[in-house]
Amino acid sequence: MKRRTFLATSVASSLALHPAWSAAAAKTRVAVIGHTGHGNFGHGLDAMWLDIPETEIVGVADADPKGLAGALKKLKLDKGFADYRQMLKDTRPEIVAIGPRHIDQHHEMAMAAIEAGVRGIYMEKPFMPTLVQADEVIAACEKHGTRLALAHRNRYHPVLPLLKKRVAEGTIGRPLEYRVRGKEDARGGSLDLWVLGSHLFNLVHYFAGDPRACIATVYQDSRLVTKMDVKEGAEGIGPLAGNEVHARFEMADGLPAFFDSVQNAGTKTAGFGVQIIGTEGIIDLRIDEEPVAHLLAGSPFDPVATPRAWVPITTAGIGKIETVENIRKLVGGHVAPGRDLIAAIREEREPLCSAKDARVTLEMTMGIFESHRLHGQRVELPLKDRQHPLTRL
């Protein structure tokens, strides 16, 4: 299969194959919701639209007066709103960007946007604090025909189809497992699982399909977490406990996926990534790095006298220079995700990283807490009980 065929399902081709994206086409109206001091505008979900000329920012909302003033200046707007509901009513946008990193606001903001009749939503990760809320938002999207995309930027990277092809062709021999670690900084453990693990689970889901079951344990200072350890987590996460997490998932492709995060166990040069380990090599993905992927050829279980080198993988191939122009801006700057959302609306399809994909990552997170609640028992996914497991310890 030719390289262009692979990229046809990726960001690179979607940027080139839509003639409607021209200077003459009507611009898509975008409104931005932030909350300074309570999640702000996420990782650039406000300014990203300035780099997408086929869109027009028609409004910004921030309940913090000083934050709103700054947002108006940054986005080159004359009028802003303290109440995002009023903004939705007055500006009637086609797309709403929900920026706050504090996810306790996501459900309310998403439902308001859906009910206001927007056609698309681009939302900061993680998705929702509970499966109940995730189910409600997805049901509302389906009822009203709203396309919701999550800002898992790496899911939009055009090298992913090439990596999937390489794995299928046997570049790393027989695939054996997925190894996943968070940043493992001061947030290590359950907070790392929530805030950064969602990126990682989203990538595992892309390669491995749906998770089928989970076995996990959660620790606080080397002892099993109990009800007494549960507290309100940072960033609007809700119930949280544990600074050490160990989990094993059974995935649809038959391979196990392991997630581990231990507080302060990480380093700046390692961690926060996914490794696909095979009998003849490893493909390593580093979140928000460029190149995002590297290959270590050879058996990972066979010590050798000569050191082996990690070789970058780009959309041009293994060990080749990246040919997609300005790929950091396209992926890291949310340009590709924004354009994919516009295309998804016009083509009446799901975005590359949809609300349903985001619910899968949430399912994996909740599966860890549910297995721990049941003393490390194997739990099948999706969970039948949609309530938060830590509230039932």
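I began with Glu108, which counts as partly exposed at 45% relative accessibility. The model is a predicted one, and my entries below keep to what I looked up in it.

**Entry: the partner of Glu108**

I looked for the partner of Glu108 and found a salt bridge with Arg85, with the closest N and O atoms 2.1 Å apart. I then placed the two residues: Arg85 sits in helix α4 (residues 84-91) and Glu108 in helix α5 (residues 106-115). They are 23 residues apart, and the pair links distant parts of the chain. I checked Arg85 for accessibility as well; at 39% it counts as partly exposed.

**Entry: Arg392 and Glu370**

Next I turned to Arg392, whose side chain meets that of Glu370 in a salt bridge of 3.3 Å, N to O. I noted that Arg392 lies in the segment after β18 (379-380) and Glu370 in helix α12 (residues 355-373), so this pair ties together parts 22 residues apart in sequence. Is Glu370 buried or exposed? I find it buried, because its relative accessibility is 9% and the cut-off for buried is under 20%. Arg392 has 25% and counts as partly exposed.

**Entry: Glu380 and Arg378**

I looked up a further pair, Glu380 and Arg378, and found their side chains in a salt bridge at 3.7 Å, N to O. Glu380 has a relative accessible area of 55% and is exposed. For Arg378 I have 42%, which counts as partly exposed.

**Entry: network and count**

Which residues are linked with Arg359 in a network of salt bridges? I listed Asp135, Glu363 and Arg386 along with Arg359. For the salt bridges as a whole I noted a count of 25.

**Entry: strand β1**

Six of its seven residues are buried, so I recorded the strand as largely enclosed by the rest of the structure.

I asked which strands pair with β1. One is strand β2 (residues 55-62), which runs parallel to β1 and is joined to it by seven bridges. Another is strand β3 (residues 95-98), paired with β1 in the parallel sense over four bridges.

Ala31 has Gly59 as its bridge partner in β2. For Val32, the bridge partner in β3 is Ala97.

Notes: Residues are numbered from 1 along each chain as its sequence is written. This is a predicted model: local features need pLDDT of at least 70, side-chain atom pairs count only at pLDDT 80 or more; totals for chains, interfaces and linings use all residues. Side-chain values use heavy atoms; hydrogens and water are left out. A salt bridge is a side-chain nitrogen of Lys or Arg within 4 Å of a carboxyl oxygen of Asp or Glu. Buried means under 20% relative accessible area, exposed over 50%, partly exposed in between (1.4 Å probe, protein chains only). Two strands pair if DSSP finds at least two bridges between them.
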